[in-house]
Amino acid sequence: MLGDTAVAVHPEDERYKHLHGKSVVHPVSKRRIPIITDAELVDMAFGTGAVKITPAHDPNDFMVGKRHSLEFINILDDNGNINDQGGSFKGQPRFEARITVVDFLKQA
């Protein structure tokens, strides 16, 4: 989640048509990230029909990142700890950060 750089929706999903080309604020980094449309990745019948995109972490997201020229944010150092890109989670081992990020979001 710390390396998310977009939210993708299906271009034909009526629920999100009004959001095409808009942006959202990342809850941790406060970066503005775009809402993009991607018919290849997003299945509008699955879940919410909105998918967070983390190009530096996931192979499918990598391809979306390439197609949409998204930023690729590496959030891990060579030891598997959160780096400077992780804000207040910097220095935490990745498995610990999974828990503390969820706790942070629950409090937000």
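**A close look at aspartate 38**

Tutor: Start with the side chain of aspartate 38, which reaches the backbone nitrogen of leucine 41 at 2.9 Å. That's a polar contact, meaning a pair of N or O atoms within 3.5 Å; within protein, one must be able to donate a hydrogen and the other to accept it, and residues adjacent in sequence count only if both atoms are side-chain atoms. Bear in mind that this is a predicted model, where local features need pLDDT of at least 70 and side-chain atom pairs count only at pLDDT 80 or more, while totals for chains, interfaces and linings use all residues. Residues are numbered from 1 along each chain as its sequence is written, and side-chain values use heavy atoms, with hydrogens and water left out.

So where does aspartate 38 sit? You'll find it in the loop between strand E3 (32-37) and strand E4 (50-53); strands (E, at least two residues) are DSSP runs, numbered from the N terminus. Aspartate 38 counts as buried because its relative accessibility is 3%, and buried means under 20% relative accessible area, with exposed over 50% and partly exposed in between (1.4 Å probe, protein chains only). Setting aside neighbours within four places in sequence, aspartate 38 is in contact (heavy atoms within 4.5 Å) with Val9, His10, Pro11, Val64, Arg67 and His68. As for arginine 15, aspartate 38 is 23 residues from it in sequence and 14 Å from it in space, C-alpha to C-alpha.

Now follow one of those partners, histidine 10. Histidine 10 belongs to the loop between strand E1 (6-9) and strand E2 (23-25), and it's buried too, with a relative accessible area of 10%. The side chain of histidine 10 also goes for a backbone nitrogen, that of glutamate 12, at 3.0 Å. Not counting residues up to four places away in sequence, histidine 10 touches His20, Asp38, Ala39, Val42, Met44 and Gly49.

Two names on those contact lists turn up again in a nonpolar core. A core here is a set of buried Ala, Val, Leu, Ile, Met, Phe, Trp, Tyr and Cys residues joined through side-chain atoms within 4.5 Å. The largest one has eight residues: Leu2, Val28, Ile73, Ile75, Ile82, Phe89, Ala97 and Val101. Apart from it lies another core, of seven residues, among them Ala8, Val42, Ile53 and Val64. Val42 is the one touched by histidine 10, and Val64 is the one in contact with aspartate 38.

Key
Helices (H or I, at least four residues) and strands (E, at least two) are DSSP runs, numbered from the N terminus.
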